[in-house]
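Trainee: May we go through this structure together, strands to begin with?

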Amino acid sequence: MIVMMVAGGKEQEEIEKELAMAEEYIPLTYAEYEEGLSRGKLLGLRCLSCGKITCHPMPVCQWCGSRTMERVELSGEGELLTFTVIRVAPEGFEAPYIPCLVRAIEGPILIGRLELAQGDKEASQALIGKRVKMSGTYTHEGDKFSGGAHLCPVFKIMER
Ligand SMILES: [Zn+2]
């Protein structure tokens, strides 16, 4: 094994050991988050320092930067903040589709896709502020720009 000295005088082996130990304390990995989505569950992290929710999962609280968090399940409900309609899809996607931002009732802003309510043929600005709920997931199979397949939540308008 090649031993390298890096910043702070730590040996590579020592740093790798610290990272391996730290991984045991990550309460929700991105892979586990996507696995949850595939079962219809929206998982996030509750910060044990500030109490706020981080979603999708990150190594630190998105609000205060703390590393002490616990896994929680979100309701999947929130408010539609904004969206756009993609009519000419990037490579690897099929148009039309509607990327959106949703503020979960638990606090974090989620990125997903919007599914229109039955009977609605077109999205309009009147939808902004409406109540939405996670209704499923979309799987992007990946293309030359991404590292493989990924899932994202799909939200459905709950009120007309
Ligand atoms: Zn926090």
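This is a predicted model: local features need pLDDT of at least 70, side-chain atom pairs count only at pLDDT 80 or more; totals for chains, interfaces and linings use all residues.

Trainee: Then which residue stands opposite Glu77 in β7?

Mentor: Lys133 does. The two strands concerned are β4, residues 77-83, and β7, residues 131-140, which pair in the antiparallel sense over three bridges.

Trainee: And over how many bridges do β7 and β8 pair?

Mentor: Eight bridges join β7 to β8 (residues 150-157), again in the antiparallel sense. Within that pairing, Thr139 faces Leu151 in β8.

Trainee: What is the strand order in the open sheet of three strands?

Mentor: The order is β2-β1-β3, and the pairing is antiparallel. Strands β2 and β3 stand at the edges with a single partner strand each, so one side of each has no neighbour in the sheet. Between β1 and β3 there are six antiparallel bridges, and Leu42 has Leu74 in β3 as its bridge partner.

Trainee: Changing topic: what coordinates the zinc ion?

Mentor: Four SG atoms do, from Cys47, Cys50, Cys61 and Cys64, at 2.3 to 2.4 Å. A donor here is an N, O or S atom within 2.8 Å of the metal (3.2 Å for Na, K and Ca). Along the sequence, the donor residues follow the spacing C-x2-C-x10-C-x2-C.

Trainee: Why is the arrangement of the donor atoms around the zinc ion called tetrahedral?

Mentor: The four donor atoms subtend angles of 103 to 118 degrees around the zinc ion, which makes the arrangement tetrahedral; the term requires all angles to lie between 85 and 135 degrees.

Trainee: Is Cys47 buried or exposed? And what of Cys64?

Mentor: Cys47 counts as buried because its relative accessibility is 2%, while Cys64, at 42%, counts as partly exposed. The limits are under 20% for buried and over 50% for exposed, with partly exposed in between (1.4 Å probe, protein chains only).

Trainee: How many salt bridges does the count come to?

Mentor: The count comes to eight, taking a side-chain nitrogen of Lys or Arg within 4 Å of a carboxyl oxygen of Asp or Glu. One of them joins Arg71 and Glu32, whose closest N and O atoms are 3.0 Å apart. Arg71 lies in strand β3 and Glu32 in helix α2 (residues 30-38), so the pair ties together parts 39 residues apart in sequence. Arg71 is partly exposed at 40% relative accessible area, and Glu32 is partly exposed at 31%.

Trainee: Back to Glu77: with which side chain does Glu77 meet in a salt bridge?

Mentor: With that of Lys133, at 3.8 Å from N to O. Glu77 is in strand β4 and Lys133 in strand β7, so this contact ties together parts 56 residues apart in sequence. Glu77 is partly exposed at 23% relative accessibility, as is Lys133 with 28%.

Trainee: Which loops does the salt bridge between Glu122 and Arg87 tie together?

Mentor: That salt bridge has its closest N and O atoms 3.1 Å apart. Glu122 lies in the loop between β6 and β7 and Arg87 in the loop between β4 and β5 (99-104), so parts 35 residues apart in sequence are tied together. Arg87 counts as exposed, at 54% relative accessibility. Elsewhere, salt bridges with shared partners join Glu77, Arg131 and Lys133 into one network.

Conventions:
Residues are numbered from 1 along each chain as its sequence is written. Side-chain values use heavy atoms; hydrogens and water are left out. Four donors count as tetrahedral if all angles lie between 85 and 135 degrees; four count as square planar and six as octahedral if opposite donors are over 155 degrees apart and all others between 65 and 115; anything else is irregular. Two strands pair if DSSP finds at least two bridges between them. Helices (H or I, at least four residues) and strands (E, at least two) are DSSP runs, numbered from the N terminus.
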